[in-house]
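My notes are below the structure.

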Amino acid sequence: MKVARIRPQPPPPALPRGVAGPLLRWYARAGRDLPWRRSPEPYRVWVSEVMLQQTQVERVREFFVRFVTAFPDVRALAAADEDEVLRLWEGLGYYRRARQLHAAARRVVADHGGRLPRTAESLRTLPGIGRYTAGAIASIAFDVPEPIVEANSRRVIARLAGFERPLDTPDAEAAVWRMAAALVPQRNPGRFNQALMDLGALVCTPARPRCTDCPLAKACVAHGTNRVDSIPATSVRRRVERIRETALVVQHGGRVLVERRGPGEWWEGLWDFPRSGSAAKGRLLGRVAYSVTHHRVECVVRGCRSTPRFRTGKNRRWVTPAGLAKLAMTAPGRRIAALLKTVAHLW
Ligand code: SF4
């Protein structure tokens, strides 16, 4: 029997010292003014960090304010209906985050008296809270010296330490977490973590970092050894897969049929027009193209009239055009709904 040999990885390089002071001073004058930072209560930090998991900061701003206005605390979120939560999440994508946030709010109320646990370890027992989010909540909301690693801080840490390996392997990921844990100070860990992320977003950018404006330039190994352009190392990008599909706009009596996406599907729990095989018949209404993860989907939209023979229920409904606006819909579903407004003969 062949035994796979595990290649030992070289240890991560030593980190420069004296990073916290200059970084925190820079953060005090140049850090980003973000709505969740103005009053960093645990609930607000948690919501913002879940939104930031796969979405850009600028996009999160507006959604965050809308969300915490509708659900100002964990009890309000726990008491909400899931459809209402998804409706407010619409446009942010990755809806699993919203469902898990909602489920976790119910757990916090049921098991923790409505207060978020303070340690990263207990936070990670809640749905949707992984290592990054737990570290962010513990450090920012509770001042616990936990590290966090996300796209911006990962790049800063790799450059600071002169860490040359591509960062998207489990070994490299583990090494960066170890370095982040070694960097985070006992005092002001939350501010330090936010400062590291801001430095990555504003100064230590992926292309053309502004090293001359960087508070850490003296300590930075990549800068000191002229390797900023090659760190982090790039890895081979995943190929885009093309998919074709047909969406059916089934009409009856001024209403259209919509279905809820099932478990394991993209946009699980959200509403959309039914999909059919590419040979589906019906009048051509238009085309919608969209991207999901590494897929590029070309969707042909066809319309047909029908008797209301479909069995409707929790996951399938006939709705009016006005009713579509009130549903939490998938991104392509929303675009098909917009397309229908231009096809006057439908209604
Ligand atoms: S000196 Fe340049 S490469 Fe190093 S942390 Fe600062 S901006 Fe990034």
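The entries that follow take one residue at a time, after a note on the model.

**Basis.** I am working with a predicted model, in which local features need pLDDT of at least 70, side-chain atom pairs count only at pLDDT 80 or more, and totals for chains, interfaces and linings use all residues. Residues are numbered from 1 along each chain as its sequence is written, and side-chain values use heavy atoms, with hydrogens and water left out.

**Glutamate 90.** I located glutamate 90 in the loop between helix H6 (82–89) and helix H7 (96–112), where helices are DSSP runs of H or I with at least four residues, numbered from the N terminus. I looked up its relative accessible area, found 13%, and noted glutamate 90 as buried (under 20% relative accessible area, 1.4 Å probe, protein chains only). Its side chain makes a polar contact with the side chain of arginine 334 at 2.7 Å (a pair of N or O atoms within 3.5 Å; within protein, one must be able to donate a hydrogen and the other to accept it, and residues adjacent in sequence count only if both atoms are side-chain atoms). The side chain of glutamate 90 also reaches the backbone nitrogen of methionine 329, at 3.2 Å.

**Threonine 55.** I found threonine 55 in the loop between helix H3 (42–52) and helix H4 (57–70), and it counts as buried at 10% relative accessibility. A polar atom of its side chain lies 3.3 Å from the backbone oxygen of methionine 51, and the side chain of threonine 55 reaches the backbone oxygen of leucine 92 at 3.5 Å.

Technical notes: Helix = DSSP H or I, 4+ residues; strand = E, 2+ residues; numbered from the N terminus. Buried < 20%, exposed > 50% of the residue type's maximum accessible area, 1.4 Å probe, protein only.
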